[in-house]
Amino acid sequence: MKFNKIFFSVLFLLTFTFGYSQNNTSIKPVINAYIGLKDALVATNNEQAVLSANGLVKALSAVNTADLNAASNKTWGKISNDLINAAKLIQASNDINVQRDQFVTLSSNMYLLVKDAKNEVPVYYQFCPMANKGKGANWLSLENKVKNPYYGSRMLSCGKVVETL
């Protein structure tokens, strides 16, 4: 009887710990680095964008899939290479237009990852119809207020919030 109590207590503790560890803690640094990159593009600061992309590459490389919930883990498996490649292309360029072009791909994949994560704070999925050569493009923000990374001060408030994650 005593063995059963201990066994089930340990089993419960392991189950609770395993479930608790899968709260997407590896995604938080990725989101923060992505937001830093977005802010550099809003400011039209290509040098800061390179530094922020460097931080994003490091954060993406440090993602521990054991920390991800099942949905995030599945998405990560599909998009991690595309995320890292887009971040590296931004990192390798000093041209703000190239950086912004790559940010379109990066943002599309970040949306998929963040959508599956359980975020502690709201993340706003925003859209500018003018970006991406008139095709439109999205990005993520921690602010409800639109600050357009594709045009910076030229059209800072062009866009809208299309989803809250």
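These notes go through a predicted model point by point.

1. Overall make-up. The chain carries five helices and three strands. Their order along the sequence is α-α-α-α-α-β-β-β. The chain has 165 residues, and 42% of them are buried. Among contacts with a separation of 6 or more, 64% link residues 24 or more positions apart.

2. The sheet. Three strands form an open sheet in the order E2-E1-E3, and the pairing is antiparallel. E2 and E3 take the edges; each has a single partner strand, so one side of each has no neighbour in the sheet. From one strand to the next, the twist averages 30°.

3. The E1–E3 pairing. Strand E1 covers residues 124–128 and pairs with E3 over four bridges, in the antiparallel sense.

4. Helix against sheet. Helix H5 spans residues 96–116 and lies across E1, E2 and E3. Its angle to E2 is about 55°.

5. Ser 72. This residue sits in helix H4, which runs over residues 70–91. Is Ser 72 buried or exposed? Its relative accessibility is 0%, so Ser 72 counts as buried. Beyond its neighbours within four places in sequence, Ser 72 is in contact with Asn 24, Leu 113, Asp 116 and Ala 117. With Asn 24 there is also a polar contact: the two side chains are joined at 3.4 Å. Leu 112 is another residue to look at here. The C-alpha atoms of Ser 72 and Leu 112 are 8.5 Å apart in space, while the two residues are 40 apart in sequence.

6. Aromatic residues. The structure has four aromatic pairs. One of them is Trp 139 with Tyr 150, 5.8 Å centre to centre and with 70° between the planes. That pair is edge-to-face, because the angle is over the 60 degrees required. Trp 139 belongs to strand E2 (residues 137–141), whereas Tyr 150 is in the loop between E2 and strand E3 (160–164). The pair therefore ties together parts eleven residues apart in sequence. Which residues make up the aromatic cluster? Tyr 34, Phe 103, Trp 139 and Tyr 150 form it.

7. Burial of the pair. Trp 139 has a relative accessible area of 0% and is buried. Tyr 150 has 6% and is buried too. Both values fall in the buried class because that class takes in everything under 20%.

8. Positive phi at Thr 44. Thr 44 is not a glycine, yet its phi is positive, near 50°. Where does Thr 44 lie? It is in the loop between helix H2 (27–42) and helix H3 (46–61). With a relative accessible area of 37%, Thr 44 is partly exposed.

9. Positive phi at Lys 133. Lys 133 is not a glycine either, and its phi is positive at about 55°. This residue is placed in the loop between E1 and E2. Lys 133 is exposed, with a relative accessible area of 71%. That puts Lys 133 in the exposed class, because the class begins over 50%.

Technical notes. Residues numbered from 1 in each chain as written. Predicted model: local features only at pLDDT ≥ 70, side-chain atom pairs only at ≥ 80, totals over all residues. Heavy atoms only, no water. Helix = DSSP H or I, 4+ residues; strand = E, 2+ residues; numbered from the N terminus. Buried < 20%, exposed > 50% of the residue type's maximum accessible area, 1.4 Å probe, protein only. Contact = heavy atoms within 4.5 Å. Polar contact = N/O pair within 3.5 Å; in protein donor to acceptor, adjacent residues only side chain to side chain. Phe/Tyr/Trp six-rings, centres within 6.5 Å; stacked < 30°, edge-to-face > 60°. Pairing = 2+ DSSP bridges. Axes fitted to C-alpha atoms, helices over the stretch in contact; angles between N-to-C directions.
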